[in-house]
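I opened this notebook to record what I looked up in one protein model. The entries follow the order in which I worked.

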Amino acid sequence: MDDPHFLVGTPRSELLAKMEREGRDPATLDVGINLVLYFVYDYLPDPPVSPAPTTTLSLAGASWVSDGVDRISRLPDVLLRDIISRLPAKDAARTAALSSRWRPIWRSAPLALVDSHLLPDGGAAGQFTIGAPSPRAVTDAVSRVLAAHPGPFRCVHLTRTIMEEHRGEMARWLDILVAKGVQELVFVNRPWPLDLRLPATIFSCSSLTRLYLGIWRIPDTAAVPRGARFPNLLELGLCMTVMEDHDLAFMLERSPVLESLIIMGSQTGVRLRLVSQSVRCVQLGYTYLEDIEVVDAPCLERLFQSDNFCQSELTGPSMKNCSSKIKIGRAPNLRVLGYIRPGEQELGISNTIIVAGAKESIVPTVQILAIEVQFGCRNSVKKVPGFLRCFPNLGTLHVQSPRIPKESTGKVNLKFWQEGGPIKCVLQSVKKLFFYEFRGSRSEVAFLKFIAERGRVLEQMVVVVGKECFSPGGDGVNAKLKPLTNAKWNSKGCKLELFKSPLTDVAGPICSHRHASDLGFADPFDLKYYYKSETISVS
C-alpha cells in the first residue's frame with residue numbers, strides 16, 4: 001500500500017493513473033482499501049440488536065394465546081417501550097400494525113437504527129467492498145426513519161453509505177441526531193475519498209455515551225465553539241481517521257468521563273498526549289502514532305498496543321522504519337501494558353527511585369507485560385533486560401517471537417543473560433511466562449533457560465511452538481527444547497507446558513482487541529494458546 005500521507009487528499013483517479021505509470025496493477029488499490037475497511041469493521045462494536053428472520057407480526061391465531069386475549073398489550077407502557085427498544089428499527093416500526101395500543105409506543109421508545117438491517121438480507125452478506133454500489137434504498141430508509149421518529153435513539157449504526165455521494169443527507173442526519181438525542185453512534189464513511197471531512201455538528205451531540213468514527217477527517221477543532229463537549233461519553237473509537245495532535249487532545253479534553261479510548265489506524269502520524277482524570281483503557285491498533293505519552297492519567301489501568309502497521313506487508317517503504325516513543329508519567333493504577341517492542345520503541349519513565357545510590361526508572365504497578373522481541377536481532381535482545389528492570393513487581397510476562405529475518409543481525413547466548421546483572425522481577429515476582437511462536441533459535445533457548453534458572457517464584461511456563469519446528473528435515477522439537485527441559489530450574493514446583501501452534505506463518509502478536517477493552521478479562525493477552533492447540537510431549 002502507498003504511503004498514507006500520499007493517499008490522504010489524493011483523488012482515486014490520480015492514484016490509479018500513478019499506479020499505471022509505475023507499471024502496477026490498479027486493481028491492487030481496491031484490494032488494499034478493502035483490507036483497510038475489513039480492519040475498520042472488525043474494530044467496530046456489534047449492534048445491541050440483531051435482525052430477526054422475516055416473519056409476519058400478528059397475534060391472531062398464535063398458539064400461545066389460548067383464549068385469544070392479548071395480554072402483552074396490557075403491559076405498562078414502560079415495559080412495552082423496553083421491548084421495542086430491543087428490536088431492529090424495521091421490526092420496531094412494524095409493531096404499530098399489531099393493534100391501536102402499540103401504534104404510539106414505537107414513537108416514544110428509544111430506537112435502535114442499524115442501516116445494514118434495512119437491506120433485504122439484513123446485512124447477512126457482510127460489508128460491501130470497494131466498487132460495490134451504495135444502496136440508495138438504504139440511504140432513503142435511514143432518512144425516513146430519522147425524520148419520522150421523535151427520538152431519542154438508543155443506538156445508530158451508519159456504515160453502508162458512500163458519504164461523498166450523499167453529503168446533504170449526511171449533514172441532515174447529524175442535525176437530527178443532535179436535536180433528538182442519540183446514545184451510541186457508529187458513523188463510517190465508505191471511501192473514496194479517505195479524508196472526507198466530518199461535519200463539526202458532531203461536537204454538539206452531548207447525549208452520546210459511545211462514539212465510533214471511521215475513515216473521516218476530523219473537523220478543525222480550532223473552529224469548534226468553546227462550549228462544545230461530550231459530557232456523557234464513556235467510549236471513543238477513532239478508526240482510520242485523519243487528525244492533528246490538537247484535534248485528539250481537544251476530544252480528550254472535552255470528554256470528562258471518558259473511560260475507553262480506541263485508536264485504530266490513524267492515517268497520519270499523530271502524537272497521543274494522555275491527560276485524563278477518567279480514562280481507564282487506551283487501545284492502539286494498526287497505528288501510525290509517533291509518540292505515546294501518558295502525562296497524567298490517574299485511572300489508567302491498561303495501555304494496549306497491537307497490530308503494528310509499520311511491520312505490515314501492506315505498508316509503504318516510508319513507513320517501514322517508523323518508530324515511536326512510549327513515555328509513562330503519572331499512571332498510579334497502570335496494571336497492563338503491551339505489546340511493546342524493545343529495540344524498535346523507546347521507553348521513557350518519569351518515576352524514579354534511588355537504589356544503591358543510583359537512580360532507577362520504574363513503573364511499580366504494572367503486573368502484566370507483553371513484549372515482542374526479535375530474537376534474531378542482537379540489538380533488540382540487548383534492550384530486554386533494561387525493559388524488564390522497569391517493572392519490578394511484574395507477575396505475568398508474555399513474549400512474542402516474530403519471524404527471524406533471513407539476514408540475522410546477531411544472536412545472544414546464555415552468558416549474555418547471566419552476566420547482565422540481576423533483574424528484580426525475574427528473581428522475585430514473575431509467576432507466569434507465556435512464550436509464543438518458539439522457533440528453536442539459540443537466542444530464544446537462552447532467554448527461556450535464563451528465566452527457568454533464575455525465577456525463584458515461577459509457577460508456570462507455557463511455550464507455544466511454531467509450526468516450522470515440525471517441518472521435515474529439521475532438528476526436531478525434542479532437540480530444540482532439550483536445553484530447556486534439562487535446565488536446573490530454580491523453582492522446583494514450576495510447571496512447563498508445551499503446545500503446538502495451530503497457526504501457520506504468524507507475523508506478529510495474536511491479540512483480541514475486544515478482550516483488551518473489556519476490563520472483565522483480567523489478562524487480555526492470554527488467549528489460551530490460540531484457543532485450539534495440541535499438547536506436546538517431550539522425551
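The entries below go from the whole chain to single elements and residues.

**Entry 1: ground rules.** I noted that this is a predicted model, in which local features need pLDDT of at least 70 and side-chain atom pairs count only at pLDDT 80 or more, while totals for chains, interfaces and linings use all residues. Residues are numbered from 1 along each chain as its sequence is written, and side-chain values use heavy atoms, with hydrogens and water left out.

**Entry 2: overall make-up.** I found 16 helices and 21 strands in the protein. Helices (H or I, at least four residues) and strands (E, at least two) are DSSP runs, numbered from the N terminus. I then looked up burial, where buried means under 20% relative accessible area, exposed over 50%, and partly exposed in between (1.4 Å probe, protein chains only). Of the 539 residues in the protein, 51% are buried. I also looked up contacts (heavy atoms within 4.5 Å). Among contacts with a separation of 6 or more, 72% join residues 24 or more positions apart.

**Entry 3: nonpolar cores.** A nonpolar core is a set of buried Ala, Val, Leu, Ile, Met, Phe, Trp, Tyr and Cys residues joined through side-chain atoms within 4.5 Å. The largest one has 117 residues, and Phe-187, Leu-369, Phe-447 and Met-461 have the most contacts inside it. Helix H14 (residues 442–454) supplies the largest share of this core, seven residues. A second, separate core of 22 residues includes Leu-15, Leu-37, Phe-39 and Leu-194. I listed the residues that Phe-187 touches, not counting those up to four places away in sequence; among them are Leu-158, Met-163, Trp-173 and Trp-216.

Entry 4: Helix H3 (residues 27–43) has 17 residues and reaches 25 Å from its first C-alpha to its last, close to the 24 Å expected at 1.5 Å a residue. The expected span is 1.5 Å times one less than the number of residues. Buried residues of H3 include Leu-29, Ile-33, Leu-37 and Tyr-41. In helix H11 (residues 378–389), I found Ser-380, Val-381, Val-384, Pro-385, Phe-387 and Leu-388 buried. Seen down the axis of H11, its buried residues fall within an arc of 165°, so they line one face of the helix. The arc is that of the directions from the helix axis to the C-beta atoms.

**Entry 5: paired strands.** Two strands pair if DSSP finds at least two bridges between them. Strand S7 (residues 270–275) pairs with strand S9 (residues 289–296) in the parallel sense over six bridges, and Val-270 has Leu-289 as its bridge partner in S9. Strand S16 (residues 368–372) pairs with S17 in the parallel sense over five bridges.

**Entry 6: Lys-467.** Lys-467 lies in the loop between strand S19 (460–465) and helix H15 (477–485). Its relative accessibility is 33%, so Lys-467 counts as partly exposed. Beyond its neighbours within four places in sequence, Lys-467 is in contact with Ser-501, Pro-502, Leu-503 and Thr-504. The C-alpha atoms of Lys-467 and Thr-504 are separated by 6.3 Å, although these residues are 37 residues apart along the chain.
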